[in-house]
Amino acid sequence: MAGAAPATAFGQAVIGPPGSGKTTYCLGMSEFLRALGRRVAVVNLDPANEGLPYECAVDVGELVGLGDVMDALQLGPNGGLLYCMEYLEANLDWLRAKLDPLRGHYFLFDCPGQVELCTHHGALRSIFSQMAQWDLRLTAVHLVDSHYCTDPAKFISVLCTSLATMLHVELPHVNLLSKMDIIEHYGKLAFNLDYYTEVLDLSYLLDHLASDPFFRHYRQLNEKLVQLIEDYSLVSFIPLNIQDKESIQRVLQAVDKANGYCFGVQEQRSLEAMMSAAMGADFHFSSTLGLQEKYLAPSEQSVEQEAMQL
C-alpha cells in the first residue's frame, strides 16, 4: 500500500503580462517535469483562458466565467477579471477542495495576465497567502517578453513593473525573459545579453535615451526610476527558450532553490546539493541523478535518463 502523500506541496505561480507566454510555459514545463518523473497538476486560474493546450487538473472557469461576469455586471474585460479574482478569493474553500486530492503533485498555476493583479490589487496576493497557510510552497515565475530589451525605455518600464510585482506578490521570485528563440526578430540589442539579465549599470540606458528628442525632456525622471531600481537591487532575469530543454532546466534549478523543493526528500537530494543551493552556487542535476540511480527503481531510472537526453 502506497504511503500517504506528503503534507507539504510545492509549485509555481506563473504570472506576467498578456502575451508573455504563460500558458506555453505551463505546457512546456509540465511536459519537462513529467519526463523527470514528477507528478504534475496544472491549475488554470485565468477565467479568460480558452482552448487550453495542457491537461488541466483544476479550472477556475468551473467556479466563475469571465463572459458571464461581463454580461451580468456590465463590466469590461479588465473589470471582469478583477471581479473574478475577488470572487475566487471569497470562495477559497472551493479551490482547497479541488487541490487537496492532488496532494503529492507538483503544482503549476497559470495566472491571469492583468498587470494590476500583481502590482497593486490585493486579490491574487491574498490567494497566494492563503495557499501558504495550506502548506503549499510557491515560487512566483514572472515572464517578460524579451523584445523589451531592444528598447531602452520599455526595458526600464519592465524593470519597474518587475520590481513592483516582486514587492507586492510577496513570494520567492524568479524573473524570466521569455521567447529568447525569436529575440533576433525584434532587432539588435544595444548591449550583450548579460547586461539585461544581470541588470548591470543602467546609466548606459540613460545615455541611449538621451539621444532621443522625446526622452531627453524626461531625463531627470528616468534617472530617478533607474536609481530606485538600483537601490532595491532585486531584479534580475533568466533567459528562457521554452523549446530548449537546457533552458528549462536552468529555470527549474532556480525555482527549486527558491521554493525549497531541492531541500525536500521527494527525490532523495544529497547534502552536497543542499549546501550548493544554500551557498548560492549552481545546483547541478547531475548530483541528484546520481542519487536517483541509487534509490529509484530501474523503470524510474530509465524515465529520468530519457528526460535528460531529450
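Biologist: Is Ser162 buried or exposed?

Modeller: In this predicted model, Ser162 has its place in helix α7, which covers residues 152-169. Its relative accessibility is 0%, and because the cut-off for burial is under 20% relative accessible area, Ser162 counts as buried.

Biologist: Which residues is Ser162 in contact with, leaving aside its neighbours within four places in sequence?

Modeller: The residue in question lies in helix α7, and the neighbours within four places in sequence are left out of the answer. With those set aside, the contacts of Ser162 are His142, Val144, Asn175, Val235 and Phe237.

Biologist: How is helix α3 oriented to helix α4, roughly parallel or roughly perpendicular?

Modeller: Helix α3 (residues 77-90) packs with helix α4 (residues 92-99), their axes being 5 Å apart and the angle about 70°. Because angles of 65 to 115 degrees fall in the perpendicular class, α3 is to α4 roughly perpendicular.

Biologist: How many disulfides does the structure hold?

Modeller: Among the cysteines, Cys84 counts as buried at 0% relative accessibility, and Cys149 is buried too, with a relative accessible area of 2%. A disulfide would need a pair of cysteine sulfur atoms within 2.5 Å, and the number of disulfides in the structure is zero.

How values were computed:
Residues numbered from 1 in each chain as written. Predicted model: local features only at pLDDT ≥ 70, side-chain atom pairs only at ≥ 80, totals over all residues. Heavy atoms only, no water. Helix = DSSP H or I, 4+ residues; strand = E, 2+ residues; numbered from the N terminus. Buried < 20%, exposed > 50% of the residue type's maximum accessible area, 1.4 Å probe, protein only. Contact = heavy atoms within 4.5 Å. Axes fitted to C-alpha atoms, helices over the stretch in contact; angles between N-to-C directions. Parallel < 35°, antiparallel > 145°, perpendicular 65-115°, else oblique.
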